[in-house]
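Please look through the sequence and the model below, and then follow the paragraphs that come after them.

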Amino acid sequence: MKKKFSFVVALIATVCSVLVTSCSNEINVDALPSDPESDQEIKLVKSPEFKLSSGSLFNATFNATQDVQVNVNYFKIQDFGGGKSDWMKNQYPVLYSYFDNAPSKTDRDEQVSQAEYQAVMAYLAAHPNEGSTTCDLTTYFIQNVGSSKNQYHLPFMNGDNVHHYADITGGNQMDYVEFNSTHINDYNAVWGPRALCVNIPLVNPRYHDSYYNTTQENHYRFYVIEFNGKKNLYLCFDYATYKYDNGLLDYKGDGVYNDWVIKIIPGDGSEIAPDEPDPVIPDPVIPDPEDPDPEVDPYDFYTTDHVEINLSLNDKHEEGDWIHTKLSIHIRAVTDVEVFIPVASEYYCALDDMDIVISHQLDLVKYIPQPTTENYTIVNANNGESYQVSATVAFESNGIRITTQGMTAELQEYLQETYGDGLTFEIWNYYNVDSTNREQLKPFLDESTVTFTSDPTLYVNAFAPIGDDNHKNPLDCVVTPPSAYSVWYERTYETYYDYNVLYKKQ
């Protein structure tokens, strides 16, 4: 298994196991009313599905007014001490399917054994500045290795002179970790539970430095280290910090990635391949220095208010194929969003119903389904304040319109402070395999558009690299912003880990 990152976020297994079929209930044409308020409707191939998250999915602070599945991407093994059961199979089918590959408890309880801890720390100390920065796993178990607890005697500089020193233990300051902006619950450099992560790409791993109170990026490596005759994969961090206190402390790390180590175990039980060095990457092309907003860094757009959207078709299944689009809307600005997907109604309605509508030239608009809305309540754990947000999918004769509602400055601030992220809506829409195919759908999907209730600084149309050669995913789609935005920067795999297109308002 080559450890190259694939940006494509896979569907949760419970969704992937659903086989879509057309509705077989025929409509009595003579009984079709002319009243658009009638409950007589054309049937969809399958109703849309929703998921809402911020960083990691909400737990107790997140409530949905409808039966929406939440907390399906992170499972602590210690919470399921009874092992596999019919209850687990029904309630948590994803966990059930991977549970047999979970790591066992050791003489260090939830963490790796003392012998493995010592072997890993010794290897890392002897092999600084090695490892790689990419990994293609999206579903995996994590088991904490821990920290070397290296101590650093660091100077605060006043010009060329040392004002004073600080003695810092790196592992003591690393108090939480994020993968792909997803906060991993109950993890720090000292302790963490065995857990299964589902559909959480190992991209941009970063830790929080409590000494400087910031999230440190680009201080990690993936190492493959052999222990007891088996190659294992470890995510390793090097402690760095920055602070001003009667002088400037700017410590960029020592190149030894043993300040915090987490073992990564493929969820499917597959073997780890030998480590491969990172490819030689040319120097990035830096935007025009006369850019009117030089503080916006295209390599770190997460620090700028923005909306990021990925619209993608699913891969074809050799047996029992179905077609869906997954729309991911990441709102990291104070705005609501509307996306319009211009596909003909016969592509998303059940074919038997559409045959009747088309053959009798009926007014389709009167009979397509009413909008589907999911309402959510997010409760601020600090002060009890509630925020109401929602996502609506409206089916129109010439396309599908998705809108979000409820983002406020207060909600965005709470999400960023609590989860280190904004709000992410994920919406699946299903299409009729008897009336269309991916090749026919793709050109229509590439005409999709997005608008905002309040324009963010940046808009990001996300595209992913896939395959061993990291080519651009051909099933990812173009979603065009309003004309006020123009392309500001296009990223490629050679300069980053994705093919994102960044737009900035003119």
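In this predicted model, E308 has a relative accessible area of 3%, and because anything under 20% counts as buried, E308 is a buried residue. E308 is found in strand β17, which covers residues 306-313, and the side chain of E308 makes a polar contact with the side chain of R332 at 2.9 Å.

Another covered element is strand β1, residues 49-53, where four of the five residues are buried. This strand pairs with strand β23, residues 423-431, in the antiparallel sense over five bridges, and S53 stands opposite T424 in β23.

Aromatic rings come next, and the count of aromatic pairs comes to 21. In one of them, the rings of Y123 and Y223 have their centres 6.4 Å apart and their planes at 85°, so the pair is edge-to-face. Because Y123 lies in helix α4 (residues 114-126) and Y223 in strand β12 (residues 220-227), the pair ties together parts that are 100 residues apart in sequence. Y123 is partly exposed, with a relative accessible area of 27%, whereas Y223 is buried, at 1%.

Y459 and Y503 form a tilted aromatic pair, with 5.5 Å from centre to centre and 35° between the planes. This pair links strand β25 (residues 458-461), which holds Y459, with strand β30 (residues 501-505), which holds Y503, the two residues being 44 apart. Y459 counts as buried at 0% relative accessibility, and Y503 counts as buried at 12%.

Y152, Y207, F237, Y239, Y251 and W260 form one aromatic cluster. Rings also meet charges: the charged end of K243 sits over the ring of Y211, 4.2 Å from its centre, and the charged end of K472 sits over the ring of F463, 4.1 Å from its centre.

Notes:
Residues numbered from 1 in each chain as written. Predicted model: local features only at pLDDT ≥ 70, side-chain atom pairs only at ≥ 80, totals over all residues. Heavy atoms only, no water. Buried < 20%, exposed > 50% of the residue type's maximum accessible area, 1.4 Å probe, protein only. Pairing = 2+ DSSP bridges. Polar contact = N/O pair within 3.5 Å; in protein donor to acceptor, adjacent residues only side chain to side chain. Phe/Tyr/Trp six-rings, centres within 6.5 Å; stacked < 30°, edge-to-face > 60°. Lys NZ or Arg CZ within 6 Å of the ring centre and 35° of its normal.
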